[in-house]
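My notes follow in the order I took them.

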Amino acid sequence: MFFDAVRNNKRVVQVFLALITLPFAFWGVDSYVRNAGAGADLASVGDSKITMQQFDQAWRAQQDRLRQVLGASFSPELMNSPAAKLAVLDSLIDQRLLLLDATKQGLGASDELLRGVISKIPALQENGQFSMARYQAALASQGLSQTQFEAQLRQDLTLQQVVGAIGETAIAGSTVTDTMLRIQAEERQVAAWRIGPEQFAGQVKVELPALQKYYEENAKRFEVAEQVKVDYLVLSLDGLSAQLTPSAAEVTAWYESHKDRYQQAEERRASHILILARGDTDKEKARAKAEGVLQEAQKSPARFAELARQYSEDPGSAEKGGDLGFFGRGMMVKPFEDAVFKLRENELSTLVQSEFGYHIIRLTGIKPGKERSLAEVRSEIEDELRRQAASRQFAEAAEAFSNMVYEQSDSLLPAAEKFKLKVRQSGWLPRNPAPESLEGLGPLGNQKVLAAIFSDDSLKNKRNTEVVEIAPNTLLAARVIEHSPAVVKPFETVKPEIEAVLKAQEESALARAAGQTTLGALQQGAENKIAWAPVGKVSRQAVRQLPPVALKAIFKADVDKLPVYVGAEVGGGNYMLYKIEAVSHPERIDDNRRQALQREYGAIVGQEDFAGYVAGLRQQYKIDINKSALEGSER
């Protein structure tokens, strides 16, 4: 079936899905076609509309993805450019085209397929079995209803049908594959000779005018960036929480009014033998088989584990003698759960039918429910009460904190005293730190914070910065206490550095010139008196043997007549000469490598087919873009 086909072409499907860079707005296929969304329309694809609401969701999702990928170097301004907005909208248009065409072709994901996919998600399983409790908890943590999630998944599976069908048609020819393999596997026997800059160290002298000229033309290189030191305050929900201490009476009252939270429900341990049933005919055969196994189990209960290993068709538990471990209510399908919680310990059930087939169950253990004592949960309750009290206070405290920092802008001390905060002091902060160094600045490693610190109001007027939210429920305000303007280091202090740079440049230039002269002579047939050092056989596949520029020169060379000489600058001022002495090809092509390359080439062909498919859809449907609405969608 379709799902098996997609699984077998997983690599191709992944490539196609990667082409669609934004997640779908999760309204379901029907909603895409009928478009029940509200608000200004940004675009239309045929009769289907793309609304501002749908664009906003896709835009936020792309922003979150970039933030995860780029980390501290992410800048929200990246997503506010016209090009970025158009890219988001174009992706939505392509997605809409695919879904419209899937609907037109009658493609969709059945309820059976949907259930099968969900039941196999590892995070939703408990002891190898689907857990409804875990499913509901996972949905709640994402703020999704079961209907929303299943509509989203159904849409994704529908899309996989489209790209999977295209992937199955992407075939790489064996002749082309073999040719590419021979090219990749070709080996060239090489020897080398290095001409290094150190060979010309005594020949270079840099005059003072050259040093001064370099200094003047590269002043930015010798600039000490503008820096500041600041005092700063951090007001956070966690900080407020740490200041609070719930009373013993409050803890006791909470415990008494929330005792249901501290009940440990009864858990039971069971083993089962599952006989799968599919279709009406299969159900009859499965039931007959299950009844036979049940009779054996009733005759010899002690052999239950042995019978489970022999007959059970549940791969997760069969090898463990059918053992499912301990579980509570809500973790198994209802018929199975109802049967288990009616059994006495070591009792054997009759046949139990579920959506999976027929179960024979043996109850092997019971953990009675119990109530956790106040002493056991006191610290949990205190944390909860602190969090609740801090949450109630934070909104009011945040507003008062912002007002005080602004109104008493000549000092942070009043705010520190009122909110019991410690005034912290930074080291030197540069105006424009490298993105990778932001994390090392702690709470000050935030672009908005740095922009506020280096504002005219902060530097020139000596006022507190505005309050900046640096994380959820975390505010920061700063005040400049020391300022060092940008300054260029004096020439005399950097003169040795400049001299070393210019000498290295000249020595490298001499090495390059000597290498090119020698190479030219060798290529013209000059007598070869070089003491070549053997490198061995090199190939295009062994990319780490030599620098890329050297490999490129070696494999670009015409080897009809050997030996052949090539040269390359390989870094560090070194110039390398290479002598190609022999060329060989493998006698046979490795089948595993052929298949891997054929898959890779097939993926490339598939990408081209997919791009053509989407381009064809763009020709079939009329697409209108409301450019004025898009350009005005400042976020």
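Predicted model: local features only at pLDDT ≥ 70, side-chain atom pairs only at ≥ 80, totals over all residues.

I started at Gln 353 and found its bridge partner in E12: Tyr 358. Ser 354 stands opposite Gly 357 in E12. E11 and strand E12 (residues 357–367) pair in the antiparallel sense over three bridges. For pairing I took the rule of at least two DSSP bridges between two strands. Helices (H or I, at least four residues) and strands (E, at least two) are DSSP runs, numbered from the N terminus. A hairpin through two residues joins E11 to E12.

Residues are numbered from 1 along each chain as its sequence is written, and side-chain values use heavy atoms, with hydrogens and water left out.

Next I traced the whole sheet. Four strands form an open sheet, in the order E10-E9-E12-E11, with antiparallel pairing. Strand E10 (323–327) and strand E11 (352–354) stand at the edges with a single partner strand each, so one side of each is left without a neighbour in the sheet. Neighbouring strands are turned by 40° against each other on average, direction ignored. I read angles between N-to-C directions, from 0 to 180 degrees, with axes as lines fitted to C-alpha atoms (for helices, over the stretch in contact).

Helix H14 (residues 304–311) does, touching strand E9 (267–276) and E12. The direction of H14 makes about 40° with that of E9. Contact means heavy atoms within 4.5 Å.

I checked the pairing of E9 with E12 as well. These two strands pair in the antiparallel sense over 10 bridges. In E12, Ile 361 is the bridge partner of His 272.

Both His 272 and Ile 361 came up again when I turned to Phe 336. Leaving aside neighbours within four places in sequence, Phe 336 is in contact with His 272, Leu 324, Phe 327, Val 352, His 359 and Ile 361. Phe 336 is found in helix H15 (residues 334–340). Its C-alpha atom is separated by 9.6 Å from that of Tyr 358, 22 residues apart along the chain.

What is the relative accessibility of Phe 336? I found 3%, which counts as buried. Phe 327 is also buried, at 0% relative accessible area. The cut-offs are under 20% for buried, over 50% for exposed and partly exposed in between (1.4 Å probe, protein chains only).

I went on to the rings. Phe 327 and Phe 336 form a tilted aromatic pair, 6.3 Å centre to centre with 50° between the planes. Rings of Phe, Tyr and Trp (its six-membered ring) pair if their centres lie within 6.5 Å; planes under 30 degrees apart count as stacked, over 60 as edge-to-face and the rest as tilted. By this rule I get eight aromatic pairs. Tyr 214, Tyr 215, Phe 222 and Phe 491 form one aromatic cluster.

I also looked for charges over rings (NZ of Lys or CZ of Arg within 6 Å of the ring centre and within 35 degrees of the ring normal). The charged end of Arg 329 sits over the ring of Phe 341, 4.1 Å from its centre. Lys 367 lies over the face of Phe 326, at 4.5 Å from the ring centre.

Last, I noted the chain totals. The chain has 23 helices and 22 strands. Of its 635 residues, 40% are buried.
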